[in-house]
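Work through the exercises below with the sequence and coordinates open. Each task is followed by a stepwise solution.

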Amino acid sequence: MPVFRLPLSGNVTQSILPWNRIFNPTGGQFGLVNIALGQSSNPAVEEEVLSDVASYGRQLGRIEDALLVLLTHFRPERALTAEEEQAAIALKDMVGQIAAVKAKHGAAPAPAPLSKSRRRR
């Protein structure tokens, strides 16, 4: 999905807070909550994926959906350890909590995965 911007309305990356110079002359942040997402190895690819394919939340949601499918069809050769069983239960619980929050906010449920016959080629 292309991003539409009016003239002179591009992304602003300059910090304009005057106290930043006082507390950190190298331009760092000073506040109650500072989040650094780190450096991307290829920012152009990451930006295009986020704008044209899927947000981080949607990507994580798809991973959750795929893991639940795998857990449903999982037939282990040996019994799971208590830690392994707890990890699966915790994942299912978290996905359920996320679904409840989405329902509370009126978000539509994720579409069902395509069967082999419905996939585009």
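**Exercise 1.** Describe how helix α3 and helix α4 pack in this predicted model.

Solution. 
- Step 1. Two packed helices are described by the angle between their axes and the distance between the axes.
- Step 2. For α3 (residues 56–73) and α4 (residues 82–104), the angle is about 135° and the axes lie 11 Å apart.
- Step 3. Angles over 145 degrees count as roughly antiparallel, and 65 to 115 as roughly perpendicular. α3 is therefore oblique to α4.
- Step 4. The two helices, α3 and α4, cross with left-handed geometry.

**Exercise 2.** List the residues that form the contact of α3 with α4, and sort them by class.

Solution. 
- Step 1. From α3, the contact takes Glu64, Leu67, Leu68 and Leu71.
- Step 2. From α4, the residues are Ala88, Leu91, Lys92, Met94, Val95 and Ile98.
- Step 3. Sorting the contact of α3 with α4 gives eight nonpolar residues, two charged residues and no polar ones.

**Exercise 3.** Find the salt bridge of the structure and classify the exposure of Glu84.

Solution. 
- Step 1. Side chains of opposite charge can pair when their charged atoms come close.
- Step 2. The structure contains one salt bridge. The side chains of Arg78 and Glu84 form a salt bridge, with N to O at 3.0 Å.
- Step 3. Buried means under 20% relative accessible area and exposed means over 50%. Glu84 has a relative accessible area of 31%, so Glu84 is partly exposed.

Note on methods. Residues numbered from 1 in each chain as written. Predicted model: local features only at pLDDT ≥ 70, side-chain atom pairs only at ≥ 80, totals over all residues. Heavy atoms only, no water. Axes fitted to C-alpha atoms, helices over the stretch in contact; angles between N-to-C directions. Helix = DSSP H or I, 4+ residues; strand = E, 2+ residues; numbered from the N terminus. Parallel < 35°, antiparallel > 145°, perpendicular 65-115°, else oblique. Left-handed = near helix turned anticlockwise from the far one by under 90°. Contact = heavy atoms within 4.5 Å. Nonpolar A, V, L, I, M, F, W, Y, C, P; charged D, E, K, R; others polar. Salt bridge = Lys/Arg side-chain N within 4 Å of Asp/Glu carboxyl O. Buried < 20%, exposed > 50% of the residue type's maximum accessible area, 1.4 Å probe, protein only.
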